[in-house]
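Me: I would like to go through some of the labels attached to this model and ask what each one rests on.

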Amino acid sequence: MNRQDLGNTMTVRAKPGPTVFKPNEDERVSRIEPYVGLEFDSAEAAQEFYTFYGTQAGFKIRIGQLYRSRVDGSIISRRYVCSREGFQTPVRTGCPAFIRVQKGDNGKWVLANIKTEHNHDLDSSGEIRPPIIQRKSLPTPKPTSNVSSRTGIRSLEDDGPSGAIDLKRIKRVELESAPSGEPCKGLDFGSANEAYKFYHTYAANMGFKVRIGQLFRSKNDGLITSRRFVCSKEGHQHPSRVGCGAYMRIQRQETGRWVVDRLSKEHNHELGSPEDTNQKNCKSFKEELSNGLENLDLLETNGGLSLVKRDRGSGIGNQWYDMLLEYFQTRQAEDTGFFYAIEVDNGRCMSLFWADGRSRFSCTQFGDAIVFDTSYRRSSYTVPFASFIGVNHHRQPVLLASALISDESEESFTWVLQAWVRAMSGKRPVSIIADQDKPIQNSIAQVFPGTHHRFSPWQILAKEHENLGALWSMEEFKFEYETCISQSQTASEFDSAWGVLITNYNLEENIWLKEMYKMRKSWVPLYIRGTFFAGIPVDGTMKSYFGTYLTPQVQLNEFLMRYEKAIEHNREEERKEDFNSFNLQTVLHTKDPLEEQCRRLYTITVFKGFQKELLESYSYVGIKINIEGAISRYLVQRCGNGDERNTVAFNASNLNVSCSCRMFEFEGILCRHALKVFQIMNIREIPSRYILHRWTKNAKYGILHDVDSAGGSQDFKALMVWSLREEAHSYIDAGSASIERYKLAFEILQEGRRNLCWQN
């Protein structure tokens, strides 16, 4: 293409009147500089103009991001960038030069933003070169054994198990000859292309279309380690998409083969007929290739072009960042304890983390056992919202922090957990309930060393159904399996029952069971009970914090409003329980002084749990079985029931008590077995170490319980500020109810201030 030909393909208009750009053959033609307001007939004309301008200036261009209308899904804005933008390849330098054109109401495309500065040397030769991007054809690569001469696109698949998907190499005839069948967990393929063809054929037979979803790369060599293929109606970026959750994920093995490790077949929309879908196979591939440009880079390799996914893409829409940043700044102006952080990767915003002062103060009291809730990963949520939830002194869920997670990579989860540590003054939880996926496991081990990671029960249940197959429908197997998991009291009992189960049902080669046995300390109740989890049941039943406020389909304009409503609702429920605990009395059922002691200290909800254990203790009998110095051991069992037996060790010298049921270690409340031994030994007051401050009425109020746990002096000062501010909020609400209360409140404040000054 010569200069005359290139010029004749473009029409450029500068407001107010149109001017046609047609450079002549004079080599001394002046350079046309882009400027805001420059108008084009189409986005392609703008691209060609910027290509020509770059050629004269001495740089190449690439197609950058595009933005679609939320109304009809049409493209309304495009960016064209310098070819050295970003850092995905060694030749790129993160160059900031770009133009952005926006579609106007009249159908014209107007140059809306521009940056002309480059951070690298330009080629000032002025030679006209073909543009690096061509829409309709791709340049023929140099001959090489690893290049497809048919398409001109070099498939990275040929270099090894990289996982690159070459859409143009998958012809319709290949699809028709592709193996058909039902996808299932454990199904393996020789390549990612083969897996894509299989899933595409399955989709065609079922009546839906497929899109290429997320991918993840190895930190060591940059090769693709897993891929997701999703229903074309996944997400909400286009009116035709309904957030469908159907997908198939494949993972690269050490052998180079690809195995299906996650699968969801459930659609939330009606499926088309197989005939209709098959007729659209060819068209769907064209759409995949063209529409994928917003998520794909064109990488020059051996003279050809390869389509490759960007290293890390964010699942957070760009508009979310602007909205949330404004929200963060507004909240920080209102609340000096408000903390937020934004992850930046290669100049792009990725994950976000935030926590207000109330949540940070709650963490000092209730941050010992937390749930890292990533429900968005198992539902088709519009936004990848995650939350850190604790359990307060009324056994209610309490919000400790929130996050938006850009992708399911180890980098993202690690950054979010590190942000938690910074926000919470270095405090790390004793225990955490979170998904068992490797990226999350590795992140928790790295950022929270020593924290007991317990797997989410919903995920365990789902994987049991997936990996045990037909066995799960056998009542006999299911009974033996659940008995082994939930009834084992010691490690040796569990190992023995597990071995029998594996042998009886010939499960020696079941890979999933082998892995789960290695990770038994993260999901088997026997190993969980020895760690404090604030009594969160092993089955995971816990009241949802956000409930129906944040549903999978909640849209951008409603998210923050619903988020704030959920917080206010839960904090109002907490205030009600605070009032009840300080102003209402629970009925006593015994004359035991331990019951009166705990009623005075515990919140109503926690006291009722203790009261139940105390009443149950009267149905048990304790028999001393041996004595070793000051330590006596008792066998405690229910009267008339020899099956339920627990061993309690009691130290008469310091009143230490421990039970084999591990209830205190798990929940922080003494069990019926320990209380029975207290009755036998005539203990009339529970030692203070067995009354956890976090369960008492004063868990949030008054003097901070444990000064040493507050960290440094600056951290402790922050805790005092948050504590006083929380109390002041309640004081102001009560004092402003009427003019009489206001006068009284003001007098009390003045008197209190004078007392503080006198102490100085």
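This is a predicted model: local features need pLDDT of at least 70, side-chain atom pairs count only at pLDDT 80 or more; totals for chains, interfaces and linings use all residues.

Reply: The protein has 22 helices and 24 strands, and 48% of its 760 residues are buried.

Me: Why is Lys543 called exposed?

Reply: Exposed requires over 50% relative accessible area. Lys543 has 54% relative accessibility, so the label applies. Lys543 lies in the loop between helix H15 (525–528) and helix H16 (556–583). Its C-alpha is 7.5 Å from that of Gln396, although 147 residues separate Lys543 and Gln396 in sequence.

Me: What makes strand E11 mostly covered?

Reply: A residue is buried when its relative accessible area is under 20%. In E11, residues 258–264, six of the seven residues are buried.

Me: How do you know that strand E7 and E11 pair?

Reply: Pairing takes at least two bridges between the strands. E7 (residues 188–189) and E11 have two bridges, in the antiparallel sense, and therefore count as paired under that cut-off. Asp188 has Val259 in E11 as its bridge partner.

Me: How many bridges join strand E10 to E11?

Reply: Six bridges join E10 (residues 247–252) to E11, and the two strands run antiparallel. At least two are needed, so E10 and E11 are a pair as well. Arg252 is bridged to Trp258 in E11. E10 and E11 form a hairpin, with five residues between the strands. In the turn, Gly256 has a positive phi of about 95°.

Me: What makes strands E21 and E24 the edge strands of their sheet?

Reply: The sheet is open, with four strands in the order E21-E22-E23-E24 and antiparallel pairing. Strand E21 (620–628) and strand E24 (656–659) each pair on one side only, and they are the edge strands. From one strand to the next, the twist averages 20°.

Me: Where does the label "SWIM-type" come from?

Reply: It comes from a UniProt domain annotation, in an unreviewed entry, covering residues 646–682. Such annotations may be inferred rather than shown by experiment. In the model, the chain over residues 646–682 is 38% helix and 27% strand. The end C-alpha atoms of that stretch are 20 Å apart.

Definitions and conventions:
Residues are numbered from 1 along each chain as its sequence is written. Side-chain values use heavy atoms; hydrogens and water are left out. Axes are lines fitted to C-alpha atoms, for helices over the stretch in contact, and angles run from 0 to 180 degrees between N-to-C directions. Buried means under 20% relative accessible area, exposed over 50%, partly exposed in between (1.4 Å probe, protein chains only).
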